[in-house]
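Thanks for making the time this morning.

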Amino acid sequence: MIYSKHNIFSKIAESDNYFIVNLLSGSADILNPEEGQMLNNFLGGNELPEDFKESLIKQGYLINQKEEDLLYRQKYLDFIDTRDEDEVQLFFVPNYSCNFACTYCYQDEYSTVKQELTTEVIDSFFTYINKEFAGRKKYLTIFGGEPLLNSPKQKELISYLLNLANASKLEVCFVTNGYSLIDYIDILSTANIREIQVTLDGKGNVHDKRRFLKGGGATFDKIVNGIDACLDNQIAVNLRVVVDKENINGLPELAQFAIEKGWTESDFFKTQLGRNYELHHCQATSEKLFSRISLYETLYKIIKEHPYFLEFYKPAYSISKFLSENENLPDPLFDSCPACKTEWAFDYTGQIYSCTATVGKPGEALGSFYPEVTRKEDMINTWENRDVTVIPECSNCNLQLACGGGCGSVAKNKTGNACTTDCRPVKELLELGFSAYFEN
């Protein structure tokens, strides 16, 4: 029997207890201080008491090497089979132009293409996806730039696109800054809308200092009115907050605002937090950015001080939230990068990309759907084949089945190769998560 290389073992934050998790065997346990010390001693070369050893074998923490290798292969094949049946998210960018001048925009250095969206391009897009993804479950996400610009021409094009989505029986999501939401309610009500993702970076001035109109101008109040209008019309809203050190202290106030508005009680409302980070180029004020773990350490402190925050947002802390809500572990994650597997992106110039992180970026196009269909198979194959089994750094990492190798685009930006790692601080997140969701 060997100590499984997929065990994740550590002490729980602000506790004398320990946790041990194994995504391959599907086991997770909290160990008391004595058990934790026995396991530490074992890892240091000491023998285990027989009864404790038997319990570790039963949970799959101690396992025969050949049995573990076989289980790994079986779980991997199961993962591939499931992913091949998963729903595909198809992003479409009708324009890269935007009416906002957000302080952290990563598209600000993209070259302007002197070309406009036409119905001919939209027709070609639907022809391509209905053929290429025939038989696959799929849905659309309209992305930007800002897709819901308040102009007669834009409304006409969005209406045309939604009519074709209806004809193809596709649900549609929008990623919007929310400024013109209220002006689009009638148009959105004609489609099968899955959700509208809107961003508020804080309450009032906290938001307006970060996400303002080009030329200046506040946006918070109008976005709030748009969210209200969506919820009144039972259009689902996914409220996103982009977080860094400049606005983190305003999160409790935003949470309280959403609670008092009644948003958090709505079945049509949910939230997500996005860490502001350097995607394609260095931000001028990069010192304001959190690392992954420092963001969650700060959220941990905020929740201890403001418990009501959990009504607004409940951090994942890697797999901790899933475990607490489902009382079992998720399946092993052999790949956390959906690019060219369950996610593709397309834009109004007729280009095809791997995902939202690469769409519009020079040199990242994988082919075209207009004016003719082309595919760069070598580039596509690289994205399709990326998972922890082909990333050398993942092969001996005990965190691989919780991390999944991270984001391929971020990895490529760092190393020039998508098949390298974008590591997640899984152990540290679990230390916080077990403390937040199990110790208390």
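A residue is called buried under 20% relative accessible area, exposed over 50% and partly exposed in between, with a 1.4 Å probe and protein chains only. By that rule Asp422 is buried, at 1% relative accessibility.

Please keep in mind that this is a predicted model, in which local features need pLDDT of at least 70 and side-chain atom pairs count only at pLDDT 80 or more, while totals for chains, interfaces and linings use all residues. Residues are numbered from 1 along each chain as its sequence is written, and side-chain values use heavy atoms, with hydrogens and water left out.

Across the whole structure, 21 salt bridges are found, each being a side-chain nitrogen of Lys or Arg within 4 Å of a carboxyl oxygen of Asp or Glu. Asp422 takes part in one with Lys414, at 3.8 Å from N to O, and Lys414 is exposed, with a relative accessible area of 59%.

Which residue forms a salt bridge with Glu246? The partner is Lys288, with the closest N and O atoms 3.8 Å apart. Glu246 lies in the loop between strand E10 (237-243) and helix H9 (251-261), and Lys288 in the loop between strand E11 (269-275) and helix H10 (292-305), so the pair ties together parts that are 42 residues apart in sequence; helices (H or I, at least four residues) and strands (E, at least two) are DSSP runs, numbered from the N terminus. Glu246 counts as exposed at 51% relative accessibility, whereas Lys288, at 7%, counts as buried. Both belong to a salt-bridge network that also includes Asp201, Arg210 and Asp244.
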